2 protein chains.
Amino acid sequence: MNAARALRHADLDVTLIDRTNHHLFQPLLYQVATAALAPSDIAVPIRWILRHQKNVTVFLGDVVAVAVDARVVSLDQDHRSIAYDYLIVATGSRQSYFRHPAWESIAPGLKTLEDAAHIRRQFLLAFEEAERSDDPTVRATLMTFVVAGGGPTGVELCGVLPDIARNALYRDFRRIDTRQTRVILIEGSSRVLGAFPEQLSAHAHHDLEQLGVEIRLNALVTNVTPDAVHIGEECIPTRTVIWAAGNAASPIAKSLGVQLDSVGRVIVNADLSINGHPEVFVIGDLAYLVENGRELPGVAQVAMQGGRAVARNVICTIRGQPRQPFHYVNKGELATIGRNKAVADIGPLKVGGRLAWWLWLFIHITYLMGFRNRVSVLIQWAYAYFTYQRGVRLIIGTERRTRSPDSTSVDIADAH
Amino acid sequence: MNAARALRHADLDVTLIDRTNHHLFQPLLYQVATAALAPSDIAVPIRWILRHQKNVTVFLGDVVAVAVDARVVSLDQDHRSIAYDYLIVATGSRQSYFRHPAWESIAPGLKTLEDAAHIRRQFLLAFEEAERSDDPTVRATLMTFVVAGGGPTGVELCGVLPDIARNALYRDFRRIDTRQTRVILIEGSSRVLGAFPEQLSAHAHHDLEQLGVEIRLNALVTNVTPDAVHIGEECIPTRTVIWAAGNAASPIAKSLGVQLDSVGRVIVNADLSINGHPEVFVIGDLAYLVENGRELPGVAQVAMQGGRAVARNVICTIRGQPRQPFHYVNKGELATIGRNKAVADIGPLKVGGRLAWWLWLFIHITYLMGFRNRVSVLIQWAYAYFTYQRGVRLIIGTERRTRSPDSTSVDIADAH
């Protein structure tokens, strides 16, 4: 999106291909998963955003392979191929289950609107089933929620769930006391929010404990079954596990024919192009680049700045000017933990609490795309803040497409 | 819902069972299907509505059979049975495909939020595919939308689609002209909105033609395939057919063991109870009753008034007082055709046009449940009215559960 927009004054034909029709504001996805926002509040049609940019054509499609020598990308639908002069690959990452693909169908990740709707459905259904059940053990199992992974997504989810159980739901049930809900956060390392300074990790840890979240540090998930999560010898009975523990690169990376790192990301040059093919760029979560001795993190800022940088480099190349190496400017990081609770790491400013929370709120509303969404989100937040209710407690649909992680590999092999 | 609320002061244990967790404001469902409103705008959790009514317990569950002699209803999940002293059956109707069940997977109806999301997805995808296609015939097929059934739902859908194609979408596409979209309404009888006075039918017909809708009266669908709709000898190539042509009673009716009418509705007594079982009532679309020589129509007003009437009769029976026969008071009917276009039939008032449209707007906002929804819907309507845009153009999910119309019949047989 940022690359396409940065090319708006260039005399080029830009084709933007995405497997969804919408641009998703990922930082608020956990709020859709927890019934605070509707999917349409954080997603805007891509072609609507670009409607005035006449040099862009948008295709809804799933790119299954790139043939870098033939300079062609292949779409899944219609078996269509699209030729290119320059290619920008920004297919990102998805949940990694650390060689346990079977866990995926039990413990959903949180990357797409479908994921968010699935998690929303699952946690709301858990309370419905508990209300129907007469067995105290089954009820306790249903009312135990486990989140694997103590990064921003995991912390945000854990911060919201106790609030919902204690405030939004407890008057609505007759046979269960939703305030007995347990929320357990499992983190493999020694602290939550590992990317933040230690003092802010401690702040977030304290905030989560105050909310009643049980935090297990240095804990590794050894098995996930439909009825339990195992941490070594320990077994936690639960029907709801949310996976926020790791990322794996999009499988498109393999078809580029260049070196990948251990998690499948493309090792790129300083200008974000790939070796031997200066016309192919990889940006965002899919790219691996070390700058000033630090690996670029897989966050939105890097992806957005990368998009604008490669657009500039495409224009430079066409004009016969030299390319510029990519330089990442970290504007700071924020994570929210719950009502009035957040941490902010912005240059010299390292704060937790109410100020950080207001900063978080302001920045997220500012970055949210489309005026209508901003108004809608503000209203829903005000509603949730003052009433302690959740506006979007809908259980819709009954099935979920299970993604087969390797479904694209055959097509990729064919394309070579 | 109305029966449960009317029992709020009674010293009774009320159990409300529904297969969804939400109460749906059906009259605005077509706006979800056409991307104007989000599902959460017109649906509110049932247990949230009843949170302060302590004598009600809400269960999410699918009632698959009623054993009237044993006084027990059976749920699908958990194979749980619930005993009753009084039973109110309000399971409504669903789409009827007139003995062509195969059409259901091609031509979705519009009864549930899932249906609405499916239709939204299908019509948005049609434009996406047309943009990808190079074949003018395929494009024309994709950009032809057929609505079967000229009742309020069919008319409302047909009134919205040309507006979307002409205003909301046309700047967003580069390779197709969305203004060439064809919308075809097929109606079996000699006029649209058959339940309204003839002058208002004519008004609606004129309005639809002004919007560019092609209306086929006295036309019967003889076949539906993935690529076309057949009307006798004529074949209309299309990929999107929406079915608003007929209703069939919920299959629960069969398990009551009493006489049904030709479309499977339960023939009820004047107090809405069934023959031989004065403790069992049937209300809403599932009941067949003739009052003053006129069959009660399958509309929300009848269902709501019926719910309150049976609640009063339950209380009368417990107190040893005689029951009152049900009397339906028709408050009038409204249907909207599009921007500033509607018809109203309210007592002596029979009007079309702008006044009817404002009436429609006012009444629907008034009846919409929950303050938050009203504000949200008002904002989205104002947004759509002034910008001609659609706020909820999301394509989410890729599969749809196909309902097997007879999946419950075995369980019902078992229950006897």
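The model is predicted. The contact takes 52 residues from chain B and 52 residues from chain A. About 4900 Å² is buried between the two chains.

**Sheet in chain A**

- Three strands of chain A form an open sheet in the order 8-20-19, and the pairing is mixed.
- Strand 8 (87–89) and strand 19 (273–274) are the edge strands; each pairs on one side only.
- Strand 19 runs antiparallel to strand 20 (residues 277–282), and 2 bridges join them.
- In this part of the sheet, A:S273 stands opposite A:F281 of strand 20.

**Interface: area and polar links**

- Carbon and sulfur atoms give 54% of the area buried between chain B and chain A.
- The interface holds 6 salt bridges.
- B:R80 and A:D134 meet through their side chains in a salt bridge, at 3.5 Å from N to O.

**Interface: the chain B side**

- Five elements of chain B are named here, and each supplies at least two residues to the side that touches chain A: strand 3 (43–45), helix 3 (46–49), strand 4 (56–60), helix 4 (113–132) and helix 10 (371–387).
- Helix 4 of chain B gives the most to this side, with 6 residues.
- By class, the chain B side has 21 nonpolar, 13 polar and 18 charged residues.

Note on methods: Residues numbered from 1 in each chain as written. Chains lettered and ligands numbered in written order. Predicted model: local features only at pLDDT ≥ 70, side-chain atom pairs only at ≥ 80, totals over all residues. Heavy atoms only, no water. Pairing = 2+ DSSP bridges. Helix = DSSP H or I, 4+ residues; strand = E, 2+ residues; numbered from the N terminus. Contact = heavy atoms within 4.5 Å. Buried area = accessible area lost by both parts, 1.4 Å probe. Salt bridge = Lys/Arg side-chain N within 4 Å of Asp/Glu carboxyl O. Nonpolar A, V, L, I, M, F, W, Y, C, P; charged D, E, K, R; others polar.
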